[in-house]
There are 2 protein chains.
Amino acid sequence: MAKHTNLSTVIQRMEDRGYRVTAPRLAVLAAAADCGDQFSAEELDQRLPRVGRATVFRTLKLLVEMDVLCRVLLDDGSLRYRWSRRGHHHHLVCNECGAVQDFTACDVADLVSELTHRTNFTVEGHWLEVYGRCGTCAHAAPALAALP
Amino acid sequence: MAKHTNLSTVIQRMEDRGYRVTAPRLAVLAAAADCGDQFSAEELDQRLPRVGRATVFRTLKLLVEMDVLCRVLLDDGSLRYRWSRRGHHHHLVCNECGAVQDFTACDVADLVSELTHRTNFTVEGHWLEVYGRCGTCAHAAPALAALP
DNA sequence: ATTAATGCAAATTCTTTGCACTAAA
DNA sequence: TTTAGTGCAAAGAATTTGCATTAAT
């Protein structure tokens, strides 16, 4: 599991919420931890031949609900999971190697309040993903596009 | 089609790009126009019993490529299509009724340049969706959550 | 004991592909 | 004519559901 998350904390939280701490759930958690930074449901399922696919999905959903994991949308539309730093954050996704970095310096708040004033929307949340190339990949092949 | 887009412009662009302007494509275009602001592939397909599902999808992909349509990601993860205002813009999506509003006042540029300096990422693009309640729905049921 | 959680396989949903056929150019 | 585009039906992916069974409490 390494640095990503403290499993016992997750287990604690699971108990607190009244969810049973079962063997399959622990297995999913452990496998997710082994996957490192980010992974797909598929990858996880393959690592867990003894756990049913349905359970993998059910557990993932649970963990997302619990804010343990969060979903990352890749630019190609595919979905992956990754350990969530609790609290509001966004992702810097490398289009080349898929590396994901969090960032919290989210200045969208200003934008949001402006939107609230300018429109009749009540803003409840937002999702921001920034795509590009990580340092390594940027060196390998120079970027083509500019800022959006 | 109404205000969304000028179909003849789309057709023009299609020809310019060397794509054939076929009856099924026009049908999809017309149906999309009739759907109004936004729609799913499914909805579109249902309106077009004479056009194969595959063609609907192929045409949608084409139109997205051509920047005629863009994809909207709903908070529940489902995908819809909507007429694209050309150029950079984002979406204000109502969690209740699904209404989508564009907004272009995108101050993410500052954030992006900051990210560029602070990390070793080369930013190539970003995707921002703001969720909340539109005026109508906000009145019906008061919002629960605050800004992110 | 109770009842939440599981595994399996079947069912869904959404989208793509293969291929013989049709129609733009 | 030539070849892009189509329809169909089948194949795929990704995820969910139904239900009898298992295991946590």
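Good morning. I begin with two side chains of chain B: B:Phe39 and B:Tyr81 are both buried. The structure before you is a predicted model, and I shall speak of it in that sense.

How are the rings of B:Phe39 and B:Tyr81 arranged? Their centres lie 6.4 Å apart and their planes meet at 15 degrees, so the pair is stacked. B:Phe39 belongs to strand S1 (residues 38–39) of chain B and B:Tyr81 to strand S3 (residues 79–83) of chain B; the two are 42 residues apart, and the pair links distant parts of the chain.

Over all chains, the search finds two aromatic pairs. A:Phe39 and A:Tyr81 also form a stacked pair, with 6.4 Å from centre to centre and 15 degrees between the planes. Because A:Phe39 sits in strand S1 of chain A and A:Tyr81 in strand S3 of chain A, this pair ties together parts that are 42 residues apart in sequence. A:Phe39 has 0% relative accessibility and counts as buried; A:Tyr81, at 8%, counts as buried as well.

Let me place these strands in chain A. The chain has six helices and six strands, which follow the order α-α-β-α-α-β-β-β-β-α-β-α from the N terminus. Three strands make an open antiparallel sheet in the order S1-S3-S2. Strands S1 (38–39) and S2 (69–73) are at its edges, each pairing on one side only.

S1(A) is joined to S3(A) by two bridges, and A:Gln38 stands opposite A:Arg82. Between S2(A) and S3(A) there are five bridges, again antiparallel; here A:Arg71 has A:Tyr81 as its bridge partner. S2(A) and S3(A) form a hairpin with five residues between them, and A:Gly77 in the turn has a positive phi of about 95 degrees.

For chain A as a whole, 46% of the 148 residues count as buried.

I turn now to charged side chains. Nine salt bridges are found over all chains. One of them brings B:Arg133 and A:Glu124 together at 2.4 Å, N to O. Which parts does this pair join? B:Arg133 lies in strand S6 (residues 122–133) of chain B and A:Glu124 in strand S6 (residues 122–133) of chain A, so the pair joins two chains. Both residues, B:Arg133 and A:Glu124, are buried.

B:Glu124 and A:Arg133 form a salt bridge too, at 2.4 Å, N to O. This pair likewise joins two chains, because B:Glu124 lies in strand S6 of chain B and A:Arg133 in strand S6 of chain A. B:Glu124 and A:Arg133 are buried.

Within chain B, B:Asp37 and B:Arg82 meet in a salt bridge of 2.6 Å, N to O. B:Asp37 is in the loop between helix H2 (23–34) and S1, B:Arg82 is in strand S3, and 45 residues separate them. B:Asp37 is partly exposed at 26% relative accessibility, whereas B:Arg82 is buried at 4%. In chain A, salt bridges with shared partners join A:Asp37, A:Arg82 and A:Asp102 into one network.

Finally, a word on confidence. The average pLDDT of chain A is 83, and 87% of the residues score at least 70. Over residues 143–148 of chain A, pLDDT stays under 50. Where pLDDT is low, predicted coordinates should not be read in detail. Thank you.

Notes
Residues are numbered from 1 along each chain as its sequence is written. Chains are lettered from A and ligands numbered from 1 in the order in which they are written. This is a predicted model: local features need pLDDT of at least 70, side-chain atom pairs count only at pLDDT 80 or more; totals for chains, interfaces and linings use all residues. Side-chain values use heavy atoms; hydrogens and water are left out. Two strands pair if DSSP finds at least two bridges between them. Helices (H or I, at least four residues) and strands (E, at least two) are DSSP runs, numbered from the N terminus. Buried means under 20% relative accessible area, exposed over 50%, partly exposed in between (1.4 Å probe, protein chains only). Rings of Phe, Tyr and Trp (its six-membered ring) pair if their centres lie within 6.5 Å; planes under 30 degrees apart count as stacked, over 60 as edge-to-face and the rest as tilted. pLDDT is the predictor's confidence in each residue, from 0 to 100. Contact means heavy atoms within 4.5 Å. A salt bridge is a side-chain nitrogen of Lys or Arg within 4 Å of a carboxyl oxygen of Asp or Glu.
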